[in-house]
Amino acid sequence: MQKILVATGGGDCPGLNAVIRGLVKAAKRHGGWEVWGSKEAFNGLLGEPTDLVKLTPKKVAGIHVRGGTIIKTTNKGNPVAYPVKQDDGSIKLVDRGPEMIKKLKDMGFSAVVNIGGDGSQRISQHLYELGCPIIGVPKTIDNDLASTDYTFGFSTAVQIATDCFDKLVTTAESHHRVIIMEVMGRDAGWIALHTAIAGGAEICLIPEIPYDIRKIKQRIDKRYRKGKGFMNIVIAEGAKPLGGETFGRQATDAGDPHLKLGGICNNLRYQLEEMGCVPQIRTTVLGHIQRGGTPVAFDRILATSMGVKAFDLVNEGAFGRMVAYQNNEFVSVPLEDVTATNKNVTEDHALIHTARSIGISFGD
Ligand code: F6P
């Protein structure tokens, strides 16, 4: 019996459990393979004692409808830059890659499936270069991973954001207010763009198109020109004003390299108020609501198929590759291609044309 180790790393995302179930079921039906999960990304493997769980078909039955990940996750467990507490209390980042690969061999694992976003797939590539037989499965609600048309979790996030947007429209209309709703999207504005079109926003602010606050003010003034109106704005957490910076602060947790975003909608509100914006402005930060709960049907299907494809790649011995969804097909791409660049919204994208054609302003 050969053994596969599966891990989920980085932020959670609706559909992770469906990938695990797809992988386990495909391995069981094929025969000759068993699947183990490493708890909290690779921390379960690296820890002493190890924290691994055997994933049987019974254990994964019905989990495709559940959000989160049954094997847990972390953004503080990069094996190649692992946070280790020193005697003086300081934290040093240590490369535990070679140790991890030896441990995998000693424990009889012949393949690893790493489900995660850009950071996790950079780790996959690094481990592959060290000789690890690894396959990547793309994950992020932001949908900004290169080489795949969609990542699971994204459609669920857009649906949640759109449902919230619809609710904010009725309250904005009742009070003649401007309501600014902030969605996730660290570097890419895909969630904001899709939600703005689905919900019918007047203004959509995304990281790829720096906004001019004067243009936003003019648009609000125009909307209220004939007296009472209302307006709903969507802003991505990573949106930037012209010549400005991303609004966030460095993570305080050792081993988490990310800037923590969230709250730019309040900055925008206060600036507009200072500029003399007449209507009342309110803000809502959706935050992690977008990552929680049940995945929508499309994400369950995408995630299940990606789990099955990951098993196919393991079985073929096609390591150093990431599962991808391209033109309605499940394919694989070299990990190094994935990690070289991100997939951002570009001015020539069809949805930017759609949005501009129906009058959505990007504040530019
Ligand atoms: O990358 C996905 C994402 O949801 C980003 O949109 C967001 O900035 C980040 O994760 C939040 O991460 P955390 O849960 O670590 O705060």
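The centres of domain 1 and domain 2, taken over C-alpha atoms, are separated by 33 Å in this predicted model, in which the chain is divided into domain 1 (3-152 + 295-338) and domain 2 (157-291), with bounds that come from an automatic or database domain assignment. Contact between them (heavy atoms within 4.5 Å) takes 15 residues from domain 1 and 18 residues from domain 2. Residues are numbered from 1 along each chain as its sequence is written. Because the model is predicted, local features need pLDDT of at least 70 and side-chain atom pairs count only at pLDDT 80 or more, whereas totals for chains, interfaces and linings use all residues, and side-chain values use heavy atoms, with hydrogens and water left out.

An N or O atom in the side chain of Glu237 lies 2.6 Å from a ligand oxygen, while the corresponding distances are 3.0 Å for the side chain of Asn75 and 3.4 Å for that of Arg186. Taken alone, the ligand exposes 400 Å², of which the protein buries 79%, the accessible areas coming from the Shrake-Rupley method with a 1.4 Å probe.

Technical notes
Polar contact = N/O pair within 3.5 Å; in protein donor to acceptor, adjacent residues only side chain to side chain.
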